[in-house]
Amino acid sequence: MMTNTFGPYPATSAQRSMFLHSAAHPSDTAFDLGFVFRVEGDVDRARLIDATRAVFSATTAFSTTFRHSDDGLIAAPGTGVARVLEFDRTQTPTELLEAMVLEETEQMLASGPIAPHDPHQVTARFYYGRKTLLLSFVASHLVSDAYSFYRVVGMISTLYASIEAAWPDLVSGLGEHPGTVAPPPISPRSIDRYRALVETVPEPASLPLAVRDRGRIRGTRSRLRLDGPEVRALRESEMVGEYGLAAVLFAAHAHVLSRLAGSGAITVGVPVAGRAGHRAKNAVGFFVNTLPLPVLIDGSTTWRSLCGQISSGIRTLQGAQGLNIHGETGSVLFPGPRATVDNAVTFYAQDLALELEGASVVSLPINRTDLPYPLTITFADEQDAIRIEVGVSDAFHQPTAAAQVMQALALATAQPDALVVDDAVFDDASTSSSPVEVAKPELTVIDLIRSIAVTQPHSIALSADEEISYAELADRMLSGAGELDAHEASRLVVVRMRKSIDAVIAILSVLASGRAYVPIDPAAPPHRVQLILSKIAKELDASPTILVDDSATGPGEMCAAVITRTSRRTRPMRPPTVADRAYVIFTSGSTGEPKGVVVSHSALSALLGSARSVISSSAGDRWCLFHSLAFDFSVWELFGAITTGGTLIVPRPEEVSHPDAFADLVEHAGITVLNQTPSAFRRLADALRRSTRTFPDVRVVVFGGEALHPADLRSWRGEANAQTRFINMYGITETTVHVTAKEITEPEIDCESRSMIGEPLAHLGIIILDELGRPAAVGVAGELLVFGAGLADEYLGQEELTAARFRTIEVQGRKLRAYCTGDRVRRDIDGELVYLGRIDQQVQLRGYRIELGEIEAAIAATGRTSAAVAALVSPEGREPFLCAWVVTTSEEDADAIRAELGDHIPSYMVPAVVVALETIPMTRNGKPDVAALPLPAHETDEEVDDSLSGRIARVWAEAIGAGRVRAQDRFLEVGGTSMHVMEVHERLRTDLGLHDLTLVDLFEYSTPAALADYVLSTRA
């Protein structure tokens, strides 16, 4: 390293990292330093000013600016000047001066950051009041870390107390800076220890990254104090004695981080000094190196073991504090995003203090809404107290995080052998008591239909090619039930029929006989049909009764007309009770084999009772049986209509197979309650755009089956019926169709991108659990568990699977039976419950955990497509990449969608390719058929792109090593880091002859295509 304190030098790795962060996020003001002191009493203002100027003049780092050259980023001491400014505020009332100075300082910080080339990297402002002096410091982090500023402020205090003749000797050490001292040495043994530590946590979780607001992370900081008996107990505790104060404080940070990450596998960001030796410790500048500290918390971790784990980890980090995690060795230890720190905890052994003899000096808190990371905690030891500042992103509930810090310190102090995870809710192993019994309805759906048949016998219950009144419906279902008894039908009756009035009456006859129906779609593949029949036969220990549309053709089959159109007046021997099974619907299992979900009359009646008020259903409503009888959405359509006195329209197959035909049906049949999957609704909305239809009768649309994005509703509101209510009802087969309900309002249609699912229906409750089985914090994604009266009984004949998915939990002292949905949701800070997708839809790409549902929601929010599907594509022999398929007729729209996504989601979630389609292929249940989506055309094109953008992309790909880079890929999306920037910059200059490119250009023109366009425009 150079020893000439004013000679230019290549920027250090720490300076390069900070510089590149500034280039990538030029509006991020969080890293600049700011301090305000109030000085009262007998103070020599002139002497204080002179002392400050003397210190600033002697501090070489404060006169450093940064520039580009052929050798990369250069730090140039002596090219700037630290300012000391004075302001007369004696006309300002004393009681207003402090607030004014704080506000001015906050505005200066918020208007930053200080640019690397700015000649004024540090500024001190003195405000003279009538009785008070206020001193404000603002500094670029590029020229000073907090440790250095402590030294500078301490030196001002020293000069103020010393004779001026001694000042030159006192400030002589301030000339040392990052360009004059060597970085800390790192031994192979230190690297080996760090590697072993990293391997203990192979896949740490990351904090949910909020999309930056114009480059900034918005958040809230709170200030706490641990003093009196509490701080004495902490200092005298066994844990501090054994592991040190810093380890205990960092353990509290790790606890909060684990809560906000929703995981026990975490990485704590620990700023280390980055200094070794006397010269370095006395030098001023930006030396600090934030290193990742892997930490593992599980169900057996105690506060003692956590403190021990962190204490050992800190020692490991101290031995590696000179490691450049973006360099050659660091990139091996921390590939891809593992080198990106998303939190930081700092401990200062003393607080920043300006000490002036004869004066009272108080450090004033500055309110800053920008955070360097989504979570930052700073501890400062004030001897008689510990000052704590907790900064939390706006995505989280800040008061909870602050309270958890204090709670963690109290537990580590008083109960070191207590478990860190003390609120996991699973209680399967407990035998002390059984889950609490839930209240059950008294009436079955058959009871409700018979009651309506008495009160409104002539009202139309079913309508198709014929109309069936409630009186006739009750008579035919009871006669059919008697016929099933007469034919000694099996306990489980398979209904393998097309949607028709006969199919509806067959189902009701099965239920009225005390039996359960098992729907099978007649169009289902033969292999699936045989699997389902074999499972039912195994349950019955005999072949099941199978109702079909036509004449019986196989063993056990019976023509449904035998029971639905019988002229005999037989009646069932035993009517159903609420404890009886109502139906068994088979859904796709994770192994590919269907699993039968057994639902009782009790659960079905509980659903209908709760949901009735949500949609305000009445006898005048007209519903449509749109969905397959084998899809549980049809359960809601069928019974929602005929248990409230409404009319169920049963369409012909051709009336629902095409959206134009279905639109005609909705219009002419006067449908008032329409139930749709969002995918099917988008096709219907497209049909509306191609016609002049309006749907004045449709008063409510109920969505279910998949994620709904509010933007999907815009065209309907504008073209079909502005008065229609839209209700999103999240649910699953195992919880009897619906769990929650959320009415989507007009402002939400216009502005929201989240898939909001509302609150649970009255008969159900929910809880969100993180990966450790704890209630998830606000803003943290976790698995949704459902409890209450709507849960299915079991999976047919699958005891182990039933036990795995239906668990006993303890909530507020009550043991409850709950269903683990496998769905990821999040309770946001505004209280909204947001659906993110299936847990098994969460994918990993370059180390990032990505929710495909969030990508689809962001695409919908652009308003440029009527449907979208996102997936991780893994071509054989190539690196995987994110792809999205969108419905649009224009490739330009697809490109525009991709360009806009960076405003909605983090860059690593932006699909590498967006494919334009005329329509999304659908399954029979009205959901996207992902397997049928076409691969991007250019993924099968092996031709070499020799354009400038293609050559730039190949340089990126070779430097980053993460696979193919496409012309529209953003640098950070494909795994680029600050060290990659330096290599890419050098190779573009040498290999492609782009000598005029600067490092900032790589961030400003962040895709190969954009960079190529820029280069060509400058040449033109």
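Between which two elements does the loop holding Pro113 lie? I looked, and Pro113 is in the loop between α3 and β6. Helices (H or I, at least four residues) and strands (E, at least two) are DSSP runs, numbered from the N terminus.

**Ground rules.** I am working on a predicted model, where local features need pLDDT of at least 70, side-chain atom pairs count only at pLDDT 80 or more, and totals for chains, interfaces and linings use all residues. Residues are numbered from 1 along each chain as its sequence is written, and side-chain values use heavy atoms, with hydrogens and water left out.

**Pro113 and helix α3.** The peptide bond from Gly112 to Pro113 is cis, with omega near 0°. Then I turned to α3, residues 94–110. Its 17 residues should span 24 Å at 1.5 Å a residue, and the end C-alpha atoms are 25 Å apart, which agrees. The expected span is 1.5 Å times one less than the number of residues.

Next I listed the buried residues of α3: Leu97, Val101, Leu102, Thr105, Glu106 and Leu109. They cover an arc of only 160° around the axis, so they sit on the same side of α3. The arc is that of the directions from the helix axis to the C-beta atoms. Buried means under 20% relative accessible area, exposed over 50%, partly exposed in between (1.4 Å probe, protein chains only). The cover over these residues includes β2 (33–41), β6 (122–128), β7 (132–139) and β12 (359–364).

**Cavities.** On a 1 Å grid over the protein atoms alone, a cavity is a set of points where a 1.4 Å probe fits but cannot get out; lining residues have an atom within 4 Å of a point. Grid points are joined across faces, edges and corners, and a volume is the space filled by probe spheres set on the points. I count seven cavities of 30 Å³ or more.

**Positive phi.** I noted Glu488, with a positive phi of about 50° although it is not a glycine. Glu488 is in the loop between α15 (470–486) and β18 (492–496). At 70% relative accessibility, Glu488 is exposed. Gln812 also has a positive phi of about 50° and is not a glycine. Gln812 is in the loop between β34 (806–811) and β35 (814–827). It counts as exposed at 80% relative accessibility.

**Buried side chains.** I took His738 next, in the loop between β28 (725–728) and β29 (740–743). His738 is buried at 1% relative accessibility. Leaving aside neighbours within four places in sequence, its contacts (heavy atoms within 4.5 Å) include Phe633, Trp636 and Tyr730.

Glu748 lies in helix α25 (residues 746–751). Glu748 is buried, at 13% relative accessible area. Beyond four places in sequence, Glu748 touches Pro710, Lys742, Glu743, Met756 and Glu832.

His985 is in helix α30 (residues 978–991). His985 is buried at 9%. Its contacts beyond four places in sequence are Leu997, Thr998, Leu999 and Leu1002.

Terms used: On a 1 Å grid over the protein atoms alone, a cavity is a set of points where a 1.4 Å probe fits but cannot get out, and a pocket is an open set with protein on both sides within 12 Å along at least five of seven lines; lining residues have an atom within 4 Å of a point.
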